[in-house]
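Here is a briefing for a reader meeting this structure for the first time. Please look through the sequence and the 3D view, then read the points by topic.

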Amino acid sequence: MSVLTISRRGLLAGSALLLASTALPAIGRAQTPKKGGRLIVAADSEPRNLNPAIVASNGVFFISSKVVETLAEASFDGKDGLQPRLALSWQGAADGLSVTFKLRDGVKWHDGKPFTSADVAFSALEIWKPLQNLGRTVFKDLEAVDTPDELTAVFKFARPTPFQLIRNALPALTSVVPKHVYENGKIEDNPANNAPVGTGPFKFAEYKAGQYYRLARNDDYWGKDEPFLDEIVYQVLPDRTSAAAALEAEEIQLAAFSAVPLADLDRISKVQGLKVVTKGYEGLTYQLVVEINHRRKELADLKVRQAIAHAIDKDFVVKTIFLGYAAAATGPVPKNDPQFYTPDVPTYPFDVAKANDLLDEAGYKRADDGKRFSLKLLPAPYFNETKQFGDYLRQALAAIGIDAEIVNNDPAAHMKAVYTDHAFDLAVGPPVFRGDPAISTTILVQGGIPDGVPFSNQGGYKNAELDALIAKASETLDTSARTALYKEFQKMVAADLPLINVAEWSFISVARDTVGNIANNPRWAVSNWADTYLES
Amino acid sequence: MRRLRRFFRTPEAIAGALILGLLVAMALAAPLLFPGDPQAIAGPALLPPFQDWSLPLGTDRLGRDMLAELFHGARTSLAVGLAAAAAALLIGAVVGTLAGFAGGLIDEVLMRISDAFQTVPSFLLALAFVSIVGPSLGVVVAAITLGVWTGPARVARAEVLSIRERDYVAGARVIGMHPLEIAFREVLPNALPPVLALSSVIVAAAILTEAALSFLGLGDPNRVTWGGMIAEGRAVLRTAPYLSIVPGIALVLAVLGVYLAGEGVVESTAVRRSLP
């Protein structure tokens with residue numbers, strides 16, 4: 001019998017020993033990175049075109065930023081928030097007509113050919129400017145790229161272009177691809193778009209549709225001792241609920257881009273051997289926006305838009321839909337942006353009574369059934385949170401007598417309905433803030449944009465004063481004057497509400513404790529992972 | 001009365017009738033017990049069941065009352081199930097009668113069309129139809145009907161084939177009735193009982209198909225559906241499993257109730273036939 005008795009002291013000693021044993025690896029954690037190993041990562045989508053120079057989107061970067069590098073990467077502590085990659089330095093001319101890049105020496109493409117300024121010139125003129133979704137705007141005035149020697153590239157602009165904008169565009173828009181691979185034939189049809197060739201720390205090894213992407217170590221990488229990992233495997237797990245289970249079962253070691261649902265984070269943070277990391281996405285802020293179709297007569301009335309803004313409880317959205325992993329928005333620039341954000345804009349506190357008064361004033365009285373008018377509401381299908389916010393917004397509008405009917409579409413049909421057919425009254429959209437309002441934010445409210453351009457002003461909003469401000473800011477070279485103009489821009493947007501910014505959120509990574517050097521720059525998930533390592 | 005007594009002779013039938021009765025009562029009482037929008041936010045989010053007696057089944061991720069959603073979901077499930085079954089039986093009976101009674105080319109054409117529908121899995125057909133036309137209650141009913149009308153059509157045709165050779169049909173012909181009149185006034189009513197026996201199977205299948213469509217996000221987003229509730233809960237299955245379990249149980253019970261009640265009806269009619 002005595003064998004089976006458990007004394008309190010014995011139990012305590014035993015559990016203390018257990019605790020100590022778990023602390024052991026933690027003590028030795030801050031040591032030098034280990035070489036070798038295979039990192040297995042969850043991938044929730046399978047982009048077919050993996051050329052980041054053409055498709056500058058986070059889904060593509062997640063995989064191909066390890067293969068194809070940009071001129072510079074975002075940084076927490078570097079000058080202007082940047083750290084060098086393929087370019088070592090960048091200098092803008094005072095007249096805004098040229099930018100000079102000094103390139104890194106001794107860099108080789110994955111096929112062994114040397115990387116030179118000709119590759120940069122080719123990428124800029126043949127791909128970024130004419131073909132890239134974001135580059136079309138930023139590099140629209142790029143006229144030529146001079147290459148006085150193999151390690152210098154001078155960008156020449158036809159019209160003055162703010163150096164601040166070019167700088168802010170470096171991390172996302174400047175993926176350099178090899179000229180010798182792309183110069184023959186049509187660039188869009190090049191097979192290297194599906195199996196990219198770059199200068200990055202990892203080479204593209206193979207892709208099995210529906211199963212995985214595999215990247216292998218580039219032994220000739222320019223970074224000293226880098227990369228540390230031998231392989232990165234992207235395991236395709238389209239079902240969001242399976243990523244958490246796969247992490248717990250040690251089938252994968254990292255799930256980025258909130259592949260683990262927010263509601264599961266609380267539980268998973270208590271699981272031994274897993275860590276929840278909220279850092280590493282500061283440069284990838286998504287905005288939760290109510291897009292408004294100004295062609296609808298009721299919505300063209302500012303009072304109605306103000307009423308809708310007052311009807312939304314941003315606090316509820318942040319706490320309940322995003323479970324605290326978001327921030328309430330005040331305007332079109334997110335709070336976490338260090339350069340442009342201003343809190344000094346008109347705000348719309350949650351106030352249902354005021355919203356009702358505004359609608360009464362606007363002349364939309366409640367009918368006998370309590371409804372003022374009906375709307376079609378199209379929540380974007382890309383994120384769980386956008387769909388849930390759609391459900392919430394329907395309730396918030398019901399409280400002020402607006403009857404919203406939700407229309408669910410798949411991603412392609414949603415794009416067509418909102419951006420081509422304009423078959424919506426309100427839509428919920430998740431535009432991305434990319435470090436500079438001129439890259440992808442002003443286009444959301446600018447007048448005169450052709451049909452079918454995704455993530456643009458498709459609500460038909462026109463405001464000559466705002467358009468003039470956007471035009472002026474786009475050619476203002478002085479950084480502080482330009483920043484001031486964008487602060488003015490935020491005020492005007494918040495005052496006239498061409499769209500309603502509700503919240504700003506970013507992503508969460510969940511990783512096993514053995515994965516080191518994660519989240520060490522503001523775009524970590526889409527950076528090159530050269531210094532990421534695995535403890536065995 | 002005797003039929004009713006026969007029906008209640010088996011325990012399965014009693015259980016089925018009870019469940020079905022409860023379900024119908026839930027559906028009818030929903031707007032009285034839970035007036036207003038069942039999707040309105042009623043309390044704190046993710047409240048577990050049996051904590052707060054004003055919200056006995058707790059709340060979902062947005063703080064909506066689960067019990068209200070469950071009751072209103074019963075309305076959607078039953079409405080879709082009954083409407084789809086009624087439409088399928090109507091179409092099936094008409095097509096089957098026409099094919100069986102007319103014979104020849106019309107029979108061939110109608111039956112090959114039904115073959116074509118039968119070769120495509122009915123759920124796939126519904127999925128494709130809804131994703132093309134866009135989700136709303138009417139479309140969901142039509143989509144489900146598309147996949148199930150062939151069953152009643154085949155049964156009706158088989159019955160009609162035997163009935164049309166009977167003497168009273170020949171009699172009707174002799175007195176000069178129009179063939180269509182004979183088909184629908186003399187033949188169809190007599191061919192109907194075996195077709196109606198299919199109804200419970202069809203209602204049950206329709207409820208399940210509707211739930212599956214809603215689960216995949218192809219249900220009417222402006223109505224509460226049990227499938228939609230299960231899908232909502234799936235994202236938080238590990239932390240709040242009740243969100244999926246509660247509507248899941250409701251779904252199981254509904255399908256079981258319809259099935260058992262249908263079995264009971266078939267059983268009681270079978271007894272009548274064997275003991276005239």
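Chain B averages a pLDDT of 88, and 97% of its residues score at least 70. pLDDT is the predictor's confidence in each residue, from 0 to 100. This is a predicted model, in which local features need pLDDT of at least 70, side-chain atom pairs count only at pLDDT 80 or more, and totals for chains, interfaces and linings use all residues. Residues are numbered from 1 along each chain as its sequence is written, while chains are lettered from A and ligands numbered from 1 in the order in which they are written.

**Confidence**

- The model scores ipTM 0.83 and pTM 0.83.
- Chain A averages a pLDDT of 87, with 94% of the residues at 70 or above.
- Residues 1-5 of chain A stay under 50 in pLDDT, and the model gives them zero contacts beyond four places in sequence. Two residues are in contact if their C-beta atoms, placed from the backbone, lie within 7 Å.
- Residues 16-30 of chain A also stay under 50. For this stretch the model has one contact beyond four places in sequence.

**Chain B**

- Chain B has 12 helices and zero strands. Helices (H or I, at least four residues) and strands (E, at least two) are DSSP runs, numbered from the N terminus.
- Along the principal axes, the C-alpha atoms of chain B fill a box of roughly 75 × 45 × 30 Å.
- Of the 276 residues in chain B, 47% are buried. A residue is buried if 20 or more other C-beta atoms lie within 10 Å of its own, exposed if 12 or fewer, and partly exposed in between, with C-beta atoms placed from the backbone.
- Take the contacts in chain B between residues at least 6 apart in sequence: 69% of them join residues at least 24 apart.
- B:Pro121 sits in the loop between helix H4 (104-119) and helix H5 (122-133) of chain B. B:Pro121 counts as exposed because it has 10 C-beta neighbours inside 10 Å.
- B:Pro121 and B:Gly147 are 26 residues apart along the chain, and their C-alpha atoms are separated by 7.5 Å.

**Where the chains meet**

- The contact takes 18 residues from chain A and 19 residues from chain B.
- The side of chain B that touches chain A has nine nonpolar, six polar and four charged residues. Here Ala, Val, Leu, Ile, Met, Phe, Trp, Tyr, Cys and Pro count as nonpolar, Asp, Glu, Lys and Arg as charged, and the others, Gly among them, as polar.

**A four-stranded sheet in chain A**

- Four strands of chain A form an open antiparallel sheet in the order S4-S5-S7-S6. Two strands pair if DSSP finds at least two bridges between them.
- Strand S4 (87-92) and strand S6 (142-149) of chain A are the edge strands, each pairing on one side only.
- From one strand to the next, the twist averages 20 degrees. Axes are lines fitted to C-alpha atoms, for helices over the stretch in contact, and angles run from 0 to 180 degrees between N-to-C directions.
- S4(A) pairs with strand S5 (residues 98-103) of chain A in the antiparallel sense over five bridges. A:Ser89 stands opposite A:Lys102, and A:Gln91 stands opposite A:Thr100.
- The hairpin of S4(A) and S5(A) has five residues between the strands. In this hairpin, A:Gly96 takes a positive phi near 75 degrees.
- S5(A) and S7(A) also pair in the antiparallel sense over five bridges. The bridge partner of A:Ser98 in S7(A) is A:Lys156, and A:Lys102 stands opposite A:Thr152.
- S6(A) and S7(A) form a hairpin with two residues between them.

**Faces of the sheet**

- In a regular strand the side chains alternate between the two faces of the sheet.
- The covered face of S5(A) has A:Val99, A:Phe101 and A:Leu103, and the uncovered one has A:Ser98, A:Thr100 and A:Lys102.
- In S7(A), A:Ala153, A:Phe155 and A:Phe157 are on the covered face, and A:Thr152, A:Val154 and A:Lys156 on the uncovered one.
- Helix H3 (residues 117-131) of chain A lies across S5, S6 and strand S7 (152-157) of chain A. H3(A) runs at about 170 degrees to S6(A).
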